[in-house]
Amino acid sequence: MTDGVYDERALKGARLQKEDVMQAARSQEGIESVTEIKSAILEVSGNISIIKKQKSG
């Protein structure tokens, strides 16, 4: 995921669902919307790391 847009090919390759990414986003950063996510990274450990977009202003 980059800038709030899912990479469908990467999800399929990693055998992940969009819900898996959102679950990680909610638990790590309290994110409620995909538009708040700058990027989601599948780590070697199998965990999903979430980087939240910075709020402007």
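What follows is a short chat about a predicted model.

User: Before we start, what should I know about the numbers?
Analyst: Residues are numbered from 1 along each chain as its sequence is written, and side-chain values use heavy atoms, with hydrogens and water left out. Since the model is predicted, local features need pLDDT of at least 70 and side-chain atom pairs count only at pLDDT 80 or more, while totals for chains, interfaces and linings use all residues.

User: Ok, Val21: buried or exposed?
Analyst: Val21 counts as buried because its relative accessibility is 4%; buried means under 20% relative accessible area with a 1.4 Å probe, protein chains only.

User: Where does Val21 lie?
Analyst: In helix H2, residues 18–29 (helices are DSSP runs of H or I, at least four residues; strands are runs of E, at least two; both are numbered from the N terminus).

User: And what does Val21 touch?
Analyst: Leaving out residues up to four places away in sequence, Val21 touches Met1, Tyr6, Leu11, Ile37, Ala40, Ile48 and Ile50; contact means heavy atoms within 4.5 Å.

User: How far apart are Val21 and Ile48?
Analyst: 27 residues in sequence, and 6.9 Å in space, C-alpha to C-alpha.

User: Switching to strands, how do S1 and S2 run?
Analyst: Antiparallel, with five bridges joining S1 (residues 37–42) to S2 (residues 48–52); strands pair if DSSP finds at least two bridges between them.

User: Which residue in S2 is the bridge partner of Ser39?
Analyst: Ile51.

User: What about the turn?
Analyst: S1 and S2 form a hairpin with five residues between them, and Gly46 in the turn has a positive phi of about 100°.

Definitions and conventions:
Buried means under 20% relative accessible area, exposed over 50%, partly exposed in between (1.4 Å probe, protein chains only).
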